[in-house]
Amino acid sequence: MAYHYAFSDFKKEHMARAVGIALPISVKHSVEVLAHIKHKKIGQAKKILDLAIAEKVVIPYKRYNQNLSHKTGIGPGRFPVKTAFEIKNLLESAEANAQFQGLNTSNLIIMHASAKKAAGAYHYGRKKRRKMKR
């Protein structure tokens with residue numbers, strides 16, 4: 001099955017990419033984390049994610065921040081540990097793909113990062129069809 005990427009200006013000789021399909025993480029958390037690391041170097045983004053996993057750096061929430069507590073110096077934010085871990089694995093995969101293509105991995109910049117909701121699986125049973133969250 002071919003995957004259609006959301007980023008259209010992909011140049012194979014200068015860019016590398018990775019995709020995570022149906023990851024077990026919240027879409028809302030992943031939108032906020034990806035918005036925070038976008039347009040940063042990959043080493044800096046991995047450092048931010050490591051500190052978020054260790055609950056030392058807060059990820060600011062700009063969009064999904066209703067009834068969210070404020071953190072010192074940042075405003076509304078959270079420590080999305082599970083999401084940060086999964087996205088860090090994706091970054092490492094993209095870095096490995098870049099290295100395989102012969103690109104310099106120290107200068108990689110995250111140009112595009114998007115989150116999409118996974119397909120909903122149906123609950124099992126005789127009654128009406130209900131979709132599970134994923």
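User: What percentage of the 134 residues in the protein chain is buried?
Analyst: The model is a predicted one. Residues count as buried when their relative accessible area is under 20%. In the protein chain of 134 residues, the buried share is 26%.

User: In what order do the elements of the protein chain run from the N terminus on?
Analyst: The protein chain has three helices and three strands. Read from the N terminus, the order is α-α-β-β-β-α.

User: How does the span of helix α2 relate to the one expected at 1.5 Å a residue?
Analyst: Helix α2 covers residues 42-53, which is 12 residues. At 1.5 Å a residue, 16 Å is expected. From first C-alpha to last, α2 is close to that value, reaching 16 Å.

User: Where on helix α2 do its buried residues lie, and within what arc?
Analyst: The buried residues of α2 are I42, A45, K46, I48, L49 and A52. Seen down the axis of α2, they line one face of the helix, because they fall within an arc of 160°.

User: Which elements do the buried residues of α2 pack against?
Analyst: I42 and L49 are among the buried residues of α2. The packing partners of this buried set include a strand, β1 (59-60).

User: Which residue just after α2 takes a positive phi?
Analyst: Helix α2 ends at residue 53. Just after α2, a phi of about 60° is found at E55.

User: How far apart are the mean positions of the positive and negative charges of the protein chain?
Analyst: The protein chain carries 26 positive and 8 negative charges. The distance between their mean positions is 13 Å.

Notes
Residues are numbered from 1 along each chain as its sequence is written. This is a predicted model: local features need pLDDT of at least 70, side-chain atom pairs count only at pLDDT 80 or more; totals for chains, interfaces and linings use all residues. Side-chain values use heavy atoms; hydrogens and water are left out. Helices (H or I, at least four residues) and strands (E, at least two) are DSSP runs, numbered from the N terminus. Buried means under 20% relative accessible area, exposed over 50%, partly exposed in between (1.4 Å probe, protein chains only). Lys and Arg count as positive and Asp and Glu as negative; His and the chain ends are not counted. The place of a charge is taken as NZ of Lys, CZ of Arg, CG of Asp or CD of Glu. The expected span of a helix is 1.5 Å times one less than its number of residues. The arc is that of the directions from the helix axis to the C-beta atoms. Contact means heavy atoms within 4.5 Å.
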